[in-house]
Amino acid sequence: MTATVADAFSAYLVERLDDGTLRQGVRTLTAADLPPGEVTIRVAYSGVNYKDGLASRPDGRVVRSYPMVPGIDLAGKVVESADPRFRPGDPVLVTGYELGVSHYGGYAQYARVPAGWVVPLPRGLDLREAMILGTAGFTAALALHRLEDHGLAPGQGPVLVTGASGGVGSIAVALLARRGYEVVASTGKAEAVDYLRRLGASRVIPRDEVAVTGGKPLEKQQWAAAIDAVGGDTLAHVLRTTRYGGAVAAVGLTGGSHLHTTVFPFILRGVSLLGIDSVYCPMPLRMRIWQRLAGDLRPEALEAMVYREVGLTELPQAFDDVLAGRVRGRILVRIA
């Protein structure tokens, strides 16, 4: 029997009121409420990302139209498809594009999306594992891919990960360790040291060693490369301390969006700053990265990265925790 969309289903909906405030919570939707798209998915899991937390705030500036179902990633099974590449029952995942910001996202029992956004679930991952990784894992893997394309290889020296206890940072530590790199993890959470060592960090350093304001235009060369999830002063310091010919992959801005630096790391040490965009990553590369996450990059300690698992009614507290930096690893959202 072919599955179809239920007559009514649950979704977490955010609405903007006339006074500019937001009203949000679990609501009942129907198939007619879903946006246009060729593929309809019964969602099994999603995750809570920093961007999802911002979507819950009136000043978050990520949601482009209301009402909105947040959730910038999802994994589930196809129930309806107008595209011959996907058939009912196919396990799939979606991350990025307009999902959860201008197109209803993963915090609903059903999602309808353009076929061009859909990635077949790679062999080696189940739906739950795909969302333990989610947007955070895809971003971390894309950063490592870009660094290796730049020439990074194990044995060249320590690779720094900033914001290492967060979602992207945790997975970046695990991926680098899996590939045989010497990983130095920076965190502001003393209680996360054992966790990061379990993921494969060779050394864990406190945040204040890299979150340095000012300083000389160039400082002691330390890192063969870095994956920076913080931005701001931290990114500027990492650039000043990266070794000759090294590269820094910028993946986040939890520490600020402004970058105050000089050209000296670039013109005197040949340091490269690689911007990592996981939202509009071209589909051929997107599929290649997910294949690697299911294969040579698959972390050994996937389950250890789950901070907790929540349902739709528990999302408000999850948003607060992510935005406040209280989360170690990933919050998984159980939808089905």
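How many salt bridges does a search of the whole structure find? I ran the search and got 17 salt bridges. I counted a salt bridge where a side-chain nitrogen of Lys or Arg lies within 4 Å of a carboxyl oxygen of Asp or Glu.

Ground rules first. I am working on a predicted model, where local features need pLDDT of at least 70, side-chain atom pairs count only at pLDDT 80 or more, and totals for chains, interfaces and linings use all residues. Residues are numbered from 1 along each chain as its sequence is written, and side-chain values use heavy atoms, with hydrogens and water left out.

**Entry: Arg-57 and Asp-320**

I looked up Arg-57 and found its side chain in a salt bridge with that of Asp-320, at 3.3 Å from N to O. Arg-57 is in the loop between helix H1 (50-55) and strand S4 (73-81), and Asp-320 is in helix H8 (residues 315-323), so the pair ties together parts 263 residues apart in sequence. I took helices (H or I, at least four residues) and strands (E, at least two) as DSSP runs, numbered from the N terminus.

Next I checked accessibility. My classes are buried for under 20% relative accessible area, exposed for over 50%, and partly exposed in between (1.4 Å probe, protein chains only). Arg-57 is partly exposed at 33%. Asp-320 is partly exposed at 32%.

**Entry: Arg-64 and Glu-98**

Arg-64 makes a salt bridge with Glu-98, and their closest N and O atoms are 2.3 Å apart. I placed Arg-64 in the loop between H1 and S4, and Glu-98 in the loop between strand S5 (91-95) and strand S6 (110-113), so this pair ties together parts 34 residues apart in sequence. Glu-98 is buried, at 15%.

**Entry: Arg-128 and Glu-303**

I then turned to Glu-303, which forms a salt bridge with Arg-128, with the closest N and O atoms 2.7 Å apart. This pair links distant parts of the chain: Glu-303 is in the loop between helix H7 (283-293) and strand S14 (306-310), and Arg-128 is in helix H2 (residues 127-150), 175 residues apart. Glu-303 is partly exposed at 46% relative accessibility. Arg-128 is partly exposed at 21%. Which residues share partners here? I traced one network of salt bridges joining Arg-128, Glu-303, Glu-309 and Arg-334.

**Entry: aromatic rings**

I moved on to rings and counted five aromatic pairs. Rings of Phe, Tyr and Trp (its six-membered ring) pair if their centres lie within 6.5 Å; planes under 30 degrees apart are stacked, over 60 edge-to-face, and the rest tilted.

Tyr-107 and Phe-319 form a tilted pair, 6.1 Å centre to centre with 40° between the planes. Tyr-107 is in the loop between S5 and S6 and Phe-319 is in helix H8, 212 residues apart. Tyr-107 is buried, at 0% relative accessible area. Phe-319 is buried too, at 1%.

Phe-138 is in helix H2 and Trp-290 in helix H7, so the pair ties together parts 152 residues apart in sequence. Both Phe-138 and Trp-290 are buried.

**Entry: charge over a ring**

Last, I looked for a charge over a ring (NZ of Lys or CZ of Arg within 6 Å of the ring centre and within 35 degrees of the ring normal). The charged end of Arg-328 sits over the ring of Tyr-195, 4.4 Å from the ring centre.
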